[in-house]
Amino acid sequence: NGQGPWFTLLEGKVDHEFIRVDILKGENKKPEFTALNPNGIVPYYENGDIKVFESNAIMRTICNQYKLDKLYPTDVPTRALIDMFLDWRQTTFYKHVGAVGYVFIGFSQDHASVAPAREALKDDFALIQSHFLKNSPFIGSNTPTIADFSLMSVLHFAECTDIDIPEFIFAYMERFKAALPESYHTVHDPFGKVFPKHH
């Protein structure tokens, strides 16, 4: 989930200090980190008096703070679509990807949730295609927005599992990579070293 805010900082050309927290070593559960984010999860963003956790909230905050309207367009229809996607991604799509993916990589033993989540993902992918990517190559825009940053972080995780990913999603990921090649490698390559692709 830290990928989305990192994409936002890079594409917004915002000066920042990136501090790595190794979740595989449990650094996110240490008192010095939970004092910042009581949930004990990454990412966390701090800028003066601004202290935010939750990746989608962080991206919105950065865009509002630095007026990154290209990444988070201000026209009401487009912003409504992006906000709708961000909430749906967090409450629905990521829940289903996680139910399958966390069992696959050994982070969960909830095997009973896997089959229903696989079925739900068929509808999720269909909705992405028929609604969120219906009229543009990216979500609500001809160039990537924070909605795409959020989606890509989930898709990168899905690639590390045995989730059935439709071909149109792979094509979308290639468009994203081509649009932001430098940021893509900066953000994705470290993740790929820890969680190699299954597909």
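This briefing covers the pockets and the nonpolar core of the structure above. The model is a predicted one. Its largest pocket has a volume of about 1700 Å³, while the second largest pocket has a volume of about 160 Å³. The largest nonpolar core holds 51 residues.

**Largest pocket**

- The lining of the largest pocket is made up of 49 residues, and those that lie nearest its centre are Gly2, Phe18, Val21, Val42 and Pro43.
- Two or more lining residues come from each of several elements, namely helices H1 (3-11), H2 (31-34), H3 (55-66), H4 (76-104), H6 (146-158) and H8 (181-194), together with strand E1 (44-47).
- Sorted by class, this lining contains 29 nonpolar residues, alongside 10 polar and 10 charged ones.

**Second largest pocket**

- Glu11, Gly12, Leu68, Lys70, Leu71, Thr143, Pro144, Phe149, Ala179 and Leu180 line the second largest pocket.
- By class, six of these lining residues are nonpolar, two are polar and two are charged.

**Largest nonpolar core**

- Within the core, the residues that touch the most other members are Phe93, Phe125, Ile128, Ile146 and Leu155.
- Helices H1, H3, H4, H5 (114-132), H6, H7 (167-179) and H8 each give two or more residues to this core, and the largest share, 10 residues, comes from H4.
- When neighbours within four places in sequence are left aside, Ile146 is in contact with Thr8, Met59, Arg60, Cys63, Leu71, Tyr72, Ile82 and Leu86.
- As general background, nonpolar side chains tend to be buried together in soluble globular proteins.

Technical notes:
Residues are numbered from 1 along each chain as its sequence is written. This is a predicted model: local features need pLDDT of at least 70, side-chain atom pairs count only at pLDDT 80 or more; totals for chains, interfaces and linings use all residues. Side-chain values use heavy atoms; hydrogens and water are left out. On a 1 Å grid over the protein atoms alone, a cavity is a set of points where a 1.4 Å probe fits but cannot get out, and a pocket is an open set with protein on both sides within 12 Å along at least five of seven lines; lining residues have an atom within 4 Å of a point. Grid points are joined across faces, edges and corners, and a volume is the space filled by probe spheres set on the points. Helices (H or I, at least four residues) and strands (E, at least two) are DSSP runs, numbered from the N terminus. Ala, Val, Leu, Ile, Met, Phe, Trp, Tyr, Cys and Pro count as nonpolar, Asp, Glu, Lys and Arg as charged, and the others, Gly among them, as polar. A nonpolar core is a set of buried Ala, Val, Leu, Ile, Met, Phe, Trp, Tyr and Cys residues joined through side-chain atoms within 4.5 Å. Buried means under 20% relative accessible area, exposed over 50%, partly exposed in between (1.4 Å probe, protein chains only). Contact means heavy atoms within 4.5 Å.
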